[in-house]
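Here are some questions and answers for a first look at this structure. Keep the view open and follow along.

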Amino acid sequence: MNTPIVSRPAQSHLAQVFAQYPIEVAHGEGVWLYARDGRKILDFYGGHAVAGLGYGHPRWLAALERQARQMTFQTNALPMAIRERAAARLVKFAGLGLDTVFWVNSGAEANENALRLAFKITGRGKTVALEHGWHGRTAAAGAVTWGALEKWYGFPRTPFDVNFLPRDQPAAVERMVDRDTAAVIVEPIQGMGGAYDVGKPMLQALRRRCDKVGAVLIFDEVQCGMGRTGAPFGANYHGVVPDIVTAAKALGNGYPVSALLLSPRVARELKVDDMGTTFGGGPIACAAAEAVIETIESESLLANVRQVSTYIRSTCVIGPVTGVQGAGFLLGLKTSRPAKEVQAALLERNILTGTSADPTMLRLLPAYILNEGHVDQLHDALSTISA
């Protein structure tokens with residue numbers, strides 16, 4: 001994330017593996033963070049795209065409290081109405097014809113299961129992923145993450161062969177995706193890759209080629225899904241339907257929950273014990289997901305994301321910002337100087353943003369309740385920072 005490291009206690013029992021921002025958060029409310037030193041900080045980072053409803057949303061809080069009083073946890077060996085209800089709500093919200101849901105806990109776990117299903121269904125031995133993509137830190141998800149092997153992967157070998165496809169070359173799809181390919185995994189809008197919109201032509205080329213060779217097309221929508229584009233998913237945004245969508249982050253608004261949405265082609269191959277999870281589909285997690293969807297729909301937050309995203313594009317190319325890319329509330333502000341310098345300058349002005357693997361891209365991942373007045377504050381802060 002290219003974040004500055006904050007000073008830590010002289011004796012900390014936490015693993016020292018995270019770069020951290022130089023603020024200590026005490027609590028949050030809406031789109032605001034309140035630090036222990038008394039600062040009130042406007043949050044354009046959203047807990048790394050997790051806090052889609054912001055902090056302390058009353059509908060979300062009420063759903064968690066209600067479910068916690070009824071039952072905090074139960075094994076998947078016992079059916080529960082909340083699981084069925086949340087799955088039905090997610091399928092309807094997506095509107096993609098992917099009508100089977102498997103609940104798990106994190107984005108990496110969702111992608112791990114999606115890849116494993118593709119191998120099981122096809123009986124093949126390799127995958128194709130896109131350059132600059134990020135899919136998680138587990139064995140399979142890390143194997144398809146661009147740069148992981150060189151930087152942090154750690155395992156002695158990957159569990160399968162991976163070919164990385166340039167993200168901007170639809171003409172290369174036919175050459176790289178063949179009848180030995182089990183799966184193609186892609187973020188429709190890349191997150192860590194710099195809020196980069198892969199684009200409809202590339203996604204269509206992948207869909208056509210997967211259909212022709214029988215490969216499974218997986219859209220990793222852990223970061224760009226659940227309304228962040230201003231559509232339910234990037235698949236809706238671009239009008240291209242994959243075989244599997246993985247969702248997490250904003251799906252729970254901070255409560256750990258993820259899901260696979262499966263096409264009928266994939267779902268009909270499933271048998272008892274083909275997949276499993278202890279905590280996936282927990283009643284509180286499902287209540288959180290249901291509340292998130294209900295809130296997005298009842299408060300017209302998709303329309304708000306589209307409107308305010310357009311406003312960001314029209315007002316925030318100023319100071320060190322020379323352009324905007326991405327979609328909805330997954331935006332990259334192209335900077336004329338290192339993005340981490342602009343990020344630090346904004347934090348001095350009490351605005352929190354993110355960075356990415358692209359050193360010239362400031363990443364915005366705000367809550368869907370952000371309004372134009374908040375964008376005006378970002379605009380004003382950027383205008384005071386030199387290019």
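Q: Which exposed residues does the face of α12 turned away from its buried side carry?
A: This is a predicted model. In it, α12 has a buried side and a face turned away from that side. Exposed here means over 50% relative accessible area. The exposed residues on that face are T310 and S314.

Q: Within what arc do the buried residues of α12 fall?
A: The buried residues of α12 are L301, L302, V305, V308, S309, I312 and T315. Seen down the helix axis, they line one face, because they fall within an arc of 165°.

Q: How many residues does helix α11 give to the largest nonpolar core?
A: The largest nonpolar core has 84 residues. L90, W103, M226 and F233 have the most contacts inside it. Helix α11 covers residues 283-298 and gives the most to this core: ten residues.

Q: Which residues is M226 in contact with, leaving aside its neighbours within four places in sequence?
A: M226 is among the residues with the most contacts inside the largest core. Its partners include L90 and F233, which are also in that group.

Q: How far does helix α8 reach from its first C-alpha to its last?
A: Helix α8 spans residues 200-213 and has 14 residues. At 1.5 Å a residue, 20 Å is expected. The model comes close to that, with a reach of 20 Å.

Q: Which residue with a positive phi follows α8?
A: The buried residues of α8 are M202, L203, A205, L206, R207, R209, C210 and V213. Their cover includes β5 (126-130), β6 (161-165) and α9 (234-238). After the helix comes a residue with phi near 80°, G214.

Q: Which strands stand at the edges of the open sheet of four strands?
A: The strand order is β1-β2-β3-β15, with mixed pairing. An edge strand has a single partner, so one side is left without a neighbour in the sheet. The edge strands are β1 (25-29) and β15 (351-352).

Q: Which residue in β15 does L42 stand opposite?
A: Strand β3 covers residues 40-43. It pairs with β15 in the parallel sense over two bridges. Opposite L42 stands I351.

Q: Is the ring pair of W134 and W152 stacked, tilted or edge-to-face?
A: The structure holds seven aromatic pairs. In the pair of W134 and W152, the ring centres are 5.5 Å apart and the planes are at 45°. Planes under 30 degrees apart count as stacked and over 60 as edge-to-face, so the rest are tilted. This pair is therefore tilted.

Q: How many residues apart in sequence are the parts that W146 and F164 tie together?
A: The rings of W146 and F164 have centres 5.3 Å apart and planes at 75°, so the pair is edge-to-face. W146 lies in the loop between α5 and α6, and F164 in strand β6. The parts tied together are 18 residues apart in sequence.

Terms used
Residues are numbered from 1 along each chain as its sequence is written. This is a predicted model: local features need pLDDT of at least 70, side-chain atom pairs count only at pLDDT 80 or more; totals for chains, interfaces and linings use all residues. Side-chain values use heavy atoms; hydrogens and water are left out. A nonpolar core is a set of buried Ala, Val, Leu, Ile, Met, Phe, Trp, Tyr and Cys residues joined through side-chain atoms within 4.5 Å. Buried means under 20% relative accessible area, exposed over 50%, partly exposed in between (1.4 Å probe, protein chains only). Contact means heavy atoms within 4.5 Å. The arc is that of the directions from the helix axis to the C-beta atoms. Two strands pair if DSSP finds at least two bridges between them. The expected span of a helix is 1.5 Å times one less than its number of residues. Rings of Phe, Tyr and Trp (its six-membered ring) pair if their centres lie within 6.5 Å; planes under 30 degrees apart count as stacked, over 60 as edge-to-face and the rest as tilted.
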